[in-house]
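Hi there,

Here is the structure I promised to pass on to you.

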Amino acid sequence: MRLRIFTEPQQGASYDTLLRVARATEELGFDAFFRSDHYLKMGDVTGEPGPTDAWITLAALARETGRIRLGTLMTAATFRHPGPLAISVAQVDQMSGGRVEFGIGTGWFDAEHTAYGIPFPSLKERFERLEEQLEIITGLWRTPAGRTYSFEGAHYRLADSPALPKPAQAGGPPVLIGGVGAKRTPRLAARFAHEYNVPFNRPDETRAAFERVRAACERADRTEPMVYSAAQVVCCGRNEAEIARRAAAIGREVPELRENGLAGTPQEIVDKIGRFAEFGTECVYLQVLDLSDLDHLELLAGEVMAKL
């Protein structure tokens with residue numbers, strides 16, 4: 001079981017804060033540092049000092065770290081055109097020495113689009129655009145050197161692209177697709193994804209989503225293995241007082257966190273991760289919401305990851 005640290009900087013984090021967390025992630029032995037791709041805070045927080053761009057952040061961290069994987073859960077397909085996005089991700093992959101993983105989704109938070117002047121089409125169109133973006137981005141990365149790439153779709157057109165630069169990883173970074181949609185998401189995951197992720201669902205619901213993707217892979221005659229992962233908010237403490245303090249710091253209640261996330265003592269969290277492992281979960285993204293609490297990461301590394 002691989003454990004990865006997952007952050008939500010739109011809730012309020014400077015680059016310096018993210019750098020401290022990423023360095024702690026590496027030093028403590030976690031597998032990866034991931035961040036969301038959002039431009040607007042959610043809920044009852046100020047969001048100050050304001051949003052940081054996901055791929056600018058990861059480019060900087062690529063030069064400030066040396067081992068951990070780096071990626072997004074999930075880059076919004078509404079935010080960027082596929083050609084420039086393919087260039088950005090390939091460059092960050094080069095800058096990191098081939099440590100990037102590329103999570104991408106439709107985009108869903110309409111308020112952030114309104115706040116920053118980004119078009120927010122219907123869900124149907126967002127899925128159409130996501131599929132074309134996946135086709136284009138992976139096509140650009142996989143085009144042999146010296147060849148060109150063209151694409152004609154309903155939303156994007158590329159003609160004789162040199163398909164440069166190439167990522168450090170042959171064929172491009174692993175693609176992550178997530179969500180619990182019953183039809184379109186499994187089909188896209190089976191076609192394009194190296195990893196399928198279910199965010200913030202209970203074990204039984206996560207298992208059902210995995211089964212839908214496994215069935216889609218069978219229908220597509222897919223032979224490449226799929227990595228199955230889950231994302232869960234985490235709130236760990238050595239005793240009830242410490243658990244309650246950490247829950248209060250992120251504005252959550254302990255019973256709710258125990259029910260819907262990974263909350264409790266280290267052994268409680270190990271046991272619940274074990275429930276996810278029973279049906280094939282290979283990787284868990286620990287959503288850490290209080291980025292000032294590096295002691296939390298130390299506890300997770302020393303008493304959860306060590307037992308797993």
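Buried here means under 20% relative accessible area, exposed means over 50%, and partly exposed is in between (1.4 Å probe, protein chains only). T7 sits in strand 1 (residues 2-7). For the elements, helices (H or I, at least four residues) and strands (E, at least two) are DSSP runs, numbered from the N terminus. What does T7 touch, leaving out residues up to four places away in sequence? The list is L18, V21, F33, F34, R35, S36, V288 and L291, where contact means heavy atoms within 4.5 Å. V288 is 281 residues from T7 in sequence, yet their C-alpha atoms are 5.6 Å apart in space.

Before you go further, a word on the numbers. This is a predicted model, in which local features need pLDDT of at least 70, side-chain atom pairs count only at pLDDT 80 or more, and totals for chains, interfaces and linings use all residues. Residues are numbered from 1 along each chain as its sequence is written, and side-chain values use heavy atoms, with hydrogens and water left out.

Now the overall picture. The protein's secondary structure comes to 11 helices and 12 strands. Its C-alpha trace spans about 60 × 45 × 35 Å along the principal axes. The radius of gyration is 19 Å, which agrees with the value near 19 Å for a compact globule of 308 residues; the radius is taken over C-alpha atoms, and the globule rule is 2.2 Å times the number of residues to the power 0.38. Of the 308 residues, 55% count as buried. Among contacts with a separation of 6 or more, 74% are between residues 24 or more positions apart.

F279 lies in the loop between helix 10 (266-277) and strand 12 (283-287), and is buried at 7% relative accessible area. Beyond residues up to four places away in sequence, F279 touches P203, T206, R207, F210 and R214. F210 is 69 residues from F279 in sequence and 8.5 Å away in space, C-alpha to C-alpha. T206 belongs to helix 7 (residues 203-219) and is buried, with a relative accessible area of 0%. Leaving aside neighbours within four places in sequence, T206 is in contact with V198, N201, F276 and F279.

Helix 6 (residues 184-192) has T185, P186, L188, A189, A190 and F192 buried. Which elements do the buried residues of helix 6 pack against? They pack against helix 5 (123-142), strand 8 (175-178), strand 9 (195-199) and helix 7.

L73 and M74 are joined by a cis peptide bond, with omega about -20°; M74 is in the loop between strand 3 (69-72) and strand 4 (75-76). Another cis peptide bond joins L164 and P165, with omega about 0°, and P165 lies in the loop between strand 7 (157-161) and strand 8. A163, in the loop between strand 7 and strand 8, is a residue other than glycine with a positive phi, near 60°, and counts as buried at 4% relative accessibility. D221 is not a glycine either, but has a positive phi of about 55°. D221 is found in the loop between helix 7 and strand 10 (227-236) and is exposed, with a relative accessible area of 64%.

Finally, the cysteines. Taking a disulfide as a pair of cysteine sulfur atoms within 2.5 Å, the count comes to 0. For C217, the nearest cysteine sulfur is that of C283, 17 Å away. The sulfur of C236 is 7.9 Å from the closest one, in C235, which is too far for a bond. C217 counts as buried at 10% relative accessibility, and C236 counts as buried at 0%.

Best wishes
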